[in-house]
Amino acid sequence: MSETRESGPGAPAGPAQAQAESAPRPPSLLALPSYLAGHAARIGHDALVEAVGRNGLRLPHFAALTALSDFGPLPQHVLADRLGFQRSHLGSYLDVIEERGLVRRTRDRADRRRQLVELTDEGVALQRRLWLVAEQSQDSFLGCFTQAERQTLTTLLRRLVDADDRARA
């Protein structure tokens, strides 16, 4: 004989229903890693955007400065590809940071059709300051984790990104 459970607004609440009603988010969504990753990414993204924004830049500007810091001077189209930006969008991002004296674009001597992008001394200095600000935003964002947990999370997320990069190559 099976028991039927009453449902509806006046029905007695069982433990599972009480838990679902008190949860701030739908428990079924909280069981999906993609939902959790997306929501966590928004939290971290917002913290980083705010931190970079306090310096008058947007995240794509910071990304370009950081990529140039990591790789050195690059052809503009290579920089766009490495950042995953549309090439046409990168041009407008570079316009902003070039006007601020943070990068310079010059013709590539090996191929005059290409522009090389490089950091200026001011760009190097600002990128270093922004990197410290970015790290602080990550400390705030990941404050509920131990250092070992942060490293594990970073390793797992890096594995996902690397697998996606290989699949797209």
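This note goes through the predicted model point by point, from the overall make-up to single residues.

1. Basis. The model is predicted, so local features are reported at pLDDT of at least 70 and side-chain atom pairs at pLDDT 80 or more, while totals for chains, interfaces and linings use all residues. Residues are numbered from 1 along each chain as its sequence is written, and side-chain values use heavy atoms, with hydrogens and water left out.

2. Overall make-up. The protein chain has eight helices and three strands; helices (H or I, at least four residues) and strands (E, at least two) are DSSP runs, numbered from the N terminus. From the N terminus on, the order of elements is α-α-α-α-β-α-α-β-β-α-α. Of the 169 residues, 25% count as buried, where buried means under 20% relative accessible area, exposed over 50% and partly exposed in between (1.4 Å probe, protein chains only). Among contacts (heavy atoms within 4.5 Å) with a separation of 6 or more, 44% come from residues 24 or more positions apart.

3. The sheet. The three strands form an open sheet in the order E1-E3-E2, with antiparallel pairing. Strand E1 (74-75) and strand E2 (103-107) are the edge strands, each pairing on one side only. Two strands count as paired if DSSP finds at least two bridges between them. E1 and E3 are joined by two bridges, and E2 and E3 by five. Within E3, Val 117 is the bridge partner of Leu 74, Leu 116 that of Thr 106, and Gln 115 that of Arg 107.

4. Arg 105. Leaving aside neighbours within four places in sequence, Arg 105 is in contact with Gln 76, Gly 91, Leu 94, Asp 95, Glu 98, Gln 115, Leu 116 and Val 117.

5. Helix H4 and its neighbours. H4 (59-71) lies across E1, E2 and E3 and runs at about 90 degrees to E3. Axes are lines fitted to C-alpha atoms, for helices over the stretch in contact, and angles run from 0 to 180 degrees between N-to-C directions. H4 packs with helix H6 (residues 87-99) at about 80 degrees, the axes being 10 Å apart. The two helices are therefore roughly perpendicular; angles under 35 degrees count as roughly parallel, over 145 as roughly antiparallel, 65 to 115 as roughly perpendicular and the rest as oblique. On the H4 side Pro 60, His 61, Ala 64 and Leu 65 take part, and on the H6 side Tyr 93, Leu 94, Val 96 and Ile 97.

6. H4 against H5. For H4 and helix H5 (residues 76-83) the angle is about 110 degrees and the axes are 10 Å apart, so this pair is also roughly perpendicular. Ala 63, Ala 64, Ala 67, Leu 68 and Phe 71 of H4 make this contact with Leu 79, Arg 82 and Leu 83 of H5.

7. Helix H7. H7 (residues 121-141) has 21 residues and reaches 30 Å from its first C-alpha to its last, close to the 30 Å expected at 1.5 Å a residue; the expected span is 1.5 Å times one less than the number of residues. Which residues of H7 are buried? They are Gly 123, Leu 126, Gln 127, Leu 130, Val 133, Ala 134 and Ser 137. These cover an arc of only 130 degrees around the axis, which puts them on the same side of H7; the arc is that of the directions from the helix axis to the C-beta atoms. An α-helix has 3.6 residues a turn, so residues three or four places apart point the same way. The face turned away from the buried side carries the exposed residues Asp 121, Arg 128, Leu 132 and Gln 136. The buried residues pack against helix H3 (33-53), helix H4 and strand E3 (115-119).

8. Leu 48. Leu 48 is in helix H3 and counts as buried because its relative accessibility is 16%. Not counting residues up to four places away in sequence, Leu 48 touches Leu 59, Phe 62, Ala 134, Ser 137 and Gln 138. Leu 48 and Leu 130 are 82 residues apart in sequence, and 9.9 Å apart in space from C-alpha to C-alpha.
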